[in-house]
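Have a go at each one before reading its solution.

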4 protein chains.
Amino acid sequence: MTNKTRPVRVEFHGKTIEIGGGAVAVIAGPCSIESREHLSETARGVKDLGTCFLRGGIYKMRTQADSFQGLGTNAFGFIKEVKKEVGLPLVSEITDPRQLSDFADAVEMFQVGSRNMYNYELLKELGTTKKPVLLKRAFAATVDEWIKAADYVIKGGNENVILCERGIRTFEPTTRNTMDLNSVAYLKAHTSFPVIVDPSHGTGRPELIGPLSLAAVAVGADGLIIEVHPRPREALSDAHQALSFAQFGEIMGNVKKVAAALGRELVK
Amino acid sequence: MTNKTRPVRVEFHGKTIEIGGGAVAVIAGPCSIESREHLSETARGVKDLGTCFLRGGIYKMRTQADSFQGLGTNAFGFIKEVKKEVGLPLVSEITDPRQLSDFADAVEMFQVGSRNMYNYELLKELGTTKKPVLLKRAFAATVDEWIKAADYVIKGGNENVILCERGIRTFEPTTRNTMDLNSVAYLKAHTSFPVIVDPSHGTGRPELIGPLSLAAVAVGADGLIIEVHPRPREALSDAHQALSFAQFGEIMGNVKKVAAALGRELVK
Amino acid sequence: MTNKTRPVRVEFHGKTIEIGGGAVAVIAGPCSIESREHLSETARGVKDLGTCFLRGGIYKMRTQADSFQGLGTNAFGFIKEVKKEVGLPLVSEITDPRQLSDFADAVEMFQVGSRNMYNYELLKELGTTKKPVLLKRAFAATVDEWIKAADYVIKGGNENVILCERGIRTFEPTTRNTMDLNSVAYLKAHTSFPVIVDPSHGTGRPELIGPLSLAAVAVGADGLIIEVHPRPREALSDAHQALSFAQFGEIMGNVKKVAAALGRELVK
Amino acid sequence: MTNKTRPVRVEFHGKTIEIGGGAVAVIAGPCSIESREHLSETARGVKDLGTCFLRGGIYKMRTQADSFQGLGTNAFGFIKEVKKEVGLPLVSEITDPRQLSDFADAVEMFQVGSRNMYNYELLKELGTTKKPVLLKRAFAATVDEWIKAADYVIKGGNENVILCERGIRTFEPTTRNTMDLNSVAYLKAHTSFPVIVDPSHGTGRPELIGPLSLAAVAVGADGLIIEVHPRPREALSDAHQALSFAQFGEIMGNVKKVAAALGRELVK
């Protein structure tokens, strides 16, 4: 099988990070950014363990209107400083087209969350930029609808779309979602999108994140996005599925082994 | 069973239309508004057959970026005239918080489509108005998430939320969606929201819209929303599920019979 | 719509009970037959309220190997006596082709449960008899597979198949299953099978059985099958969804009203 | 993670094949056994490529009553000869408790197919033997129900149960089923059952069987079961998902690499 994937490249302080070029890109960080110290500690921790990109929520989509909704614009100042100090670019979720100008300055990649995959007005707006877009699959989106959502960004003029499989909704209650690795293999065989897998949301159970990370690499995914927190039990959101540095480090060791077996390295 | 539903009222040219007060409200009209003549002809047709509210898309959410996306702002002028001439208020889908001020003048009820049920920024914005919001269930939203989405509008200050069941996504390919009337009965028994049923999208097959309309009334729904087109085969969107005036009229006759058997009338 | 349904007829002590001939057939009784007295009391109670057929489990399919599995062959003797005394035929679930000869003498209709819809060896065996077969839909069977399962009985030589919609498995946790009334309308429009609806299993919540019973009649179902117990809280299986005589009686009153509105009676 | 799996052992002509003991067991062969020559050719082919167990349908479960249903008892004679000549034991699907005595002599492992996972009478009967049972997950069985189905065999006295994930039924039409590798990781972490994965049925697309085989090994599965045919296009059943020897050989090469990376070998 020839790899037809068209890689997406991110420039950050003189460095180029390529996703979809053969190497495995691991994105990690907290569900929500809680403070300057929290972000800095997490960023350093995951960088030391082999991560090439930082994740972290600034505006959170929460099912309940009165749950913690993220720090919002207050966080932009220190986010830029921490990214530069640690040397990792950031991907964060955008939830409203009106956030675009503020966001453009704070992140190196826009994340569109599952709840907004069908928010075509937001996707069109992201098509007017050149920043990469990490497009998560909606809870019950077919692969066909997911590709067509990506087309809204592309037709707007921005070809830098990465798809992210994060589990779909099924009848099975044992796991938070059902990870659909069939779709990852299908997208790799039939489209040119880089594909990232999110085993944190895809399983919702810490003990399953490791096995599913290895499965994602073996099935051909271009990378992983994993929730890590210095002290998982104290996390302000998704505490039940965040990994400690120790747990994350163990997974990274095995990810490297499986990647190497298939002739792949980690993106640095 | 005592009816605990809190009705939503719409004032229109000196008339009050109440949804959730016991009578069955039938909303009908085209998927998309195609022209002044098209809207006028459809509105007169459905009004004569017992409809109390007009539906019609101004901005359409389409899975494919290059499908017909609706007339947009060009239509606002004639829409206001047609509504007044025919004497029917309008519900139409809003897809972007930035459309709010324009829309507020053209519609008597905002529709939030299935694709935007989780678009919390849009819901918060609708909470700042007093206009009723028809909140459609997302393709795979649990009843609990649907209620919590409604809370985003209510916590913004707008209590006028009507829920709309439009079918959920399941493994079954025979029908476009699987109509979940269990959820309608559950919402009527356990919440105070008025609940409307959309058998056009819920089945996607014209021959099933009649039977499911009757089932919806029998299960206790506060109303129906049905796609009608003067010449269904010529419709610019959803042509396969639009009903002709004749088909719609036959359904309305049976809807009245089932409603009457349970001591209910049609909203006029 | 012309009714193309081919009715199934059951002869019982000189009386003919027709299912699928236009009138609404209500089948009721306990989940499991618990004793002679229990069966007799339930049968009299439901007959007085308008039931034309008795249901009651002899062999129960239970997910857990150590749950109550039914009285089995011990019950055959008194079952025949009670049926004759009360004047109601019985439908009961068969779970093994080797039970056929014993069963043939004790029931007027075989029920194939959801767990056995794909048990083609059992279906072929039932094709060798002339007794009607009530074929429940499997948890995730498509309508197409369900029809093809019925074909196994028909090709064996027995055309007396009635389909029973009992809810399908979806992502929604609020109700035990999701009742798929779309499929009922589809089967009535496109096949000649009589179709029965089971709102007890289809909802799993007593307060929803009434509304869904009315919806089933309105959508065009040929009948209902409902779990009733003299003292629901003491039931040995499915206690949470059994109705009392009072609850069942109230539903029957409304079922008659909706049926009458559509020109239908109850099967006596 | 300590491996708590309790291995299942099969004795065959003086050799012991262990499934669940750490090494990866690959089971392969045709969907249906078509003739002596066909079985012999396939068995030799897959053995040369590293398979430790032969699969092959004798009685086929077919959705349509008039599809090819397998050779049945006619095949028992030559099956025993071929197995001995080639040196591979056989797993084949049993569909009726009455087949047990015949089958016991022809197979080294009973397969219970997805359609019969809830056929508790069959499971109880298999509990009376000591032969291993490969229990496939039903189309929409929860993990909990699947484990409880296995309990029917175990409580009958037979502890040799291997679970087989073969994809579940979801809304996604791109693949025949959705492979649920979350469930495999969950079963490995929380139960002692060996778990096998079937990527042939789990994807239904030949080009995805390789990637999903690697994912299954990486996620921790104890083995694979794959459909192979000397000339896939001529297969009498499941022709669209059978692999050629060349395709199967390529997959086996990669399976060995991923297994080795995680310190595992292939069962010989």
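**Before you start.** This is a predicted model, in which local features need pLDDT of at least 70 and side-chain atom pairs count only at pLDDT 80 or more, while totals for chains, interfaces and linings use all residues. Residues are numbered from 1 along each chain as its sequence is written, and chains are lettered from A and ligands numbered from 1 in the order in which they are written.

**Exercise 1.** Work out how chain D can be laid on chain A.

*Solution.* Finally, check the surfaces: 100% of the contact residues of chain D recur in chain A, so to speak the same surface serving both copies (contact: C-beta atoms, placed from the backbone, within 7 Å).

**Exercise 2.** Describe the side of chain D that touches chain A.

*Solution.* Count first: chain D and chain A put in 35 residues each. Then find the helices (DSSP runs of H or I, at least four residues; strands are E runs of at least two, and both are numbered from the N terminus). H6 (181–190), H8 (206–219) and H9 (245–261) of chain D each give at least two residues, with the largest share, nine residues, from H8(D). Now sort by class: 22 are nonpolar, nine polar and four charged (nonpolar is Ala, Val, Leu, Ile, Met, Phe, Trp, Tyr, Cys and Pro; charged is Asp, Glu, Lys and Arg; the others, Gly among them, are polar).

**Exercise 3.** Find how S1 and S2 of chain C pair.

*Solution.* Strand S1 (residues 8–12) and strand S2 (residues 15–19) of chain C run antiparallel and share five bridges (pairing needs at least two DSSP bridges). Across the pair, Arg9(C) sits opposite Glu18(C) of S2(C). At the turn, two residues lie between the strands, and His13(C) has a positive phi near 50°.

**Exercise 4.** Say which residues bring H1(B) and H2(B) into contact.

*Solution.* From H1(B), look for Arg36(B), Leu39(B), Ser40(B), Ala43(B), Arg44(B) and Lys47(B); from H2(B), pick out Phe78(B), Ile79(B), Val82(B) and Val86(B). By class, that contact has six nonpolar residues, one polar and three charged.

Note on methods
Two residues are in contact if their C-beta atoms, placed from the backbone, lie within 7 Å. Copies are superposed by least squares on the C-alpha atoms of residues with pLDDT of at least 70 in both.
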